[in-house]
Amino acid sequence: MTNGANIAAEISAALVEASSAVGDGPLTATILRSGVKTGPDYAPAFGPDVEYEFNAVIGRFNSDERSDTAVRSDDIKLLLGATGNTPVVGDSITVSGSEYDIYRVIPVATGGVYLMYVIWAHA
């Protein structure tokens, strides 16, 4: 493992520890991504949806984030460990039985290695 990969693994483990400390065990978020589009535009076919699991911690929006953005009162901010799959805008994410639509993904990276993602999602 490279140093960056080691750091990403440590952050992912810390997210498990943090979510366990404030909840009833580790918090896992599941991202659902639509299947790959194939076929012509006039008759597209979609492959099966794909699920990805991430260790997560629920965060809070600060006043600066709320003041100049489209953050709604029912939005959620999550910290996700980088597990090899990158969340993207348009994915849906399920956390503690509630489903949200991802509208912002902020990767946290150093030296070209993703360490974690900050996700903003609408209910």
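The model is predicted, so local features need pLDDT of at least 70, side-chain atom pairs count only at pLDDT 80 or more, and totals for chains, interfaces and linings use all residues. Residues are numbered from 1 along each chain as its sequence is written, and side-chain values use heavy atoms, leaving out hydrogens and water.

Start with the largest nonpolar core, which has 17 residues. Such a core is a set of buried Ala, Val, Leu, Ile, Met, Phe, Trp, Tyr and Cys residues joined through side-chain atoms within 4.5 Å. Buried means under 20% relative accessible area, with a 1.4 Å probe and protein chains only. Ile93 is among the members that touch the most others. Strands S1 (27–33) and S5 (76–81) are among those that each supply at least two core residues. Strands are DSSP runs of E, at least two residues long, and helices are runs of H or I of at least four, numbered from the N terminus.

Strand S5 also holds Lys77. Lys77 counts as buried because its relative accessibility is 14%. Beyond four places in sequence, its contacts (heavy atoms within 4.5 Å) include Phe61 and Trp120.

Those two rings pair up. Pairing needs ring centres within 6.5 Å, using the six-membered ring of Trp; planes under 30 degrees apart are stacked, over 60 edge-to-face, the rest tilted. Phe61 and Trp120 have centres 5.1 Å apart and planes at 90°, so they are edge-to-face. They sit 59 residues apart in the chain. Both are buried.

Methods. Buried < 20%, exposed > 50% of the residue type's maximum accessible area, 1.4 Å probe, protein only.
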